[in-house]
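Subject: A structure for you to explore

Hi there,

Here is the structure I promised you. Have a look around it first, and then read on for what turned up.

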Amino acid sequence: SGVQVLADNRVIVADPDGIGFLLIDRTGKTQAHWKVPEWSGGMTSFSGSPDGKSIAMIGWDRPFDSILVARVDVITGQFNKIAAISGEGFDRIKWTSDNRFLFDIGESSGSQMLYSMTAGGTRPQKVGTLPRFRTTYTIADDGKHVAGFTENDKSDVYMIRNLADILRRRN
């Protein structure tokens, strides 16, 4: 989520740590450069509002012990912290067409939960448990469909009883 195209085709580009952001217009000219406020340890996932005037962001607080949800005004660069949630990690945030934020958080129990809140800053509500912990989720603009992309490191052990015979035959 290091690059986000806004509704008016301007682009937000984040540095790898989520500390600094550039707002670039259609011609490639930098219109603004923002840095996260002191209360943020970095915002690493973001999503533009349907009207392109604001950005939803999710990241860590300064001591890296709480997950923050923030809203940024694209015109002024003003960051507003709207929620702090305990959790072990997060993936992405999506600003949906019905003016909600949807985001997933890894909880200390090991489950991955989908949360929802209004863009105005209502208290985050758990929507439900997502099926796999190590999955990257993409949420549709309307918030009604979610696609998950998973990776799996197989922990299976395979034993080849005749490995010595096989290696001798190859030589």
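Let's begin with a pair of strands: β2 is joined to strand β3 (residues 20–24) by four bridges, and the two run antiparallel. Please keep in mind throughout that this is a predicted model.

In this pairing, isoleucine 12 stands opposite leucine 23 in β3. The two strands make a hairpin with five residues between them, and glycine 18 in the turn has a positive phi of about 70°.

On its other pairing, β2 meets strand β1 (residues 3–5), again antiparallel, through three bridges. Valine 3 has valine 13 of β2 as its bridge partner. The hairpin of β1 and β2 also has five residues between the strands, and there asparagine 9 takes a positive phi near 70°.

Now try looking along β2 itself. In a regular strand, side chains alternate between the two faces of the sheet.

Next, the aromatic rings. How many aromatic pairs does a search of the whole structure find? There are five. One of them is tryptophan 95 with phenylalanine 101, an edge-to-face pair at 4.8 Å centre to centre, with 75° between the planes. Both tryptophan 95 and phenylalanine 101 are buried.

Phenylalanine 103 and tyrosine 115 pair up as well, but this pair is stacked, with 5.7 Å centre to centre and 5° between the planes. Phenylalanine 103 sits in strand β10 (residues 100–106) and tyrosine 115 in strand β11 (residues 112–118), so their pair ties together parts that are twelve residues apart in sequence. Why does phenylalanine 103 count as buried? Because its relative accessibility is 0%, and buried means under 20%. Tyrosine 115 is buried too, with a relative accessible area of 7%.

Finally, find the cluster of Phe21, Phe46 and Phe79, which ring pairs link together. Phenylalanine 79 belongs to strand β8 (residues 79–85) and counts as buried because its relative accessibility is 7%. Leaving aside residues up to four places away in sequence, phenylalanine 79 touches several others, including Phe21, Trp34, Pro37, Trp39 and Met57. Between phenylalanine 79 and serine 54 there are 9.8 Å in space, C-alpha to C-alpha, and the two are 25 residues apart in sequence.

Enjoy exploring!

Best wishes

Technical notes. Residues are numbered from 1 along each chain as its sequence is written. This is a predicted model: local features need pLDDT of at least 70, side-chain atom pairs count only at pLDDT 80 or more; totals for chains, interfaces and linings use all residues. Side-chain values use heavy atoms; hydrogens and water are left out. Two strands pair if DSSP finds at least two bridges between them. Rings of Phe, Tyr and Trp (its six-membered ring) pair if their centres lie within 6.5 Å; planes under 30 degrees apart count as stacked, over 60 as edge-to-face and the rest as tilted. Buried means under 20% relative accessible area, exposed over 50%, partly exposed in between (1.4 Å probe, protein chains only). Contact means heavy atoms within 4.5 Å.
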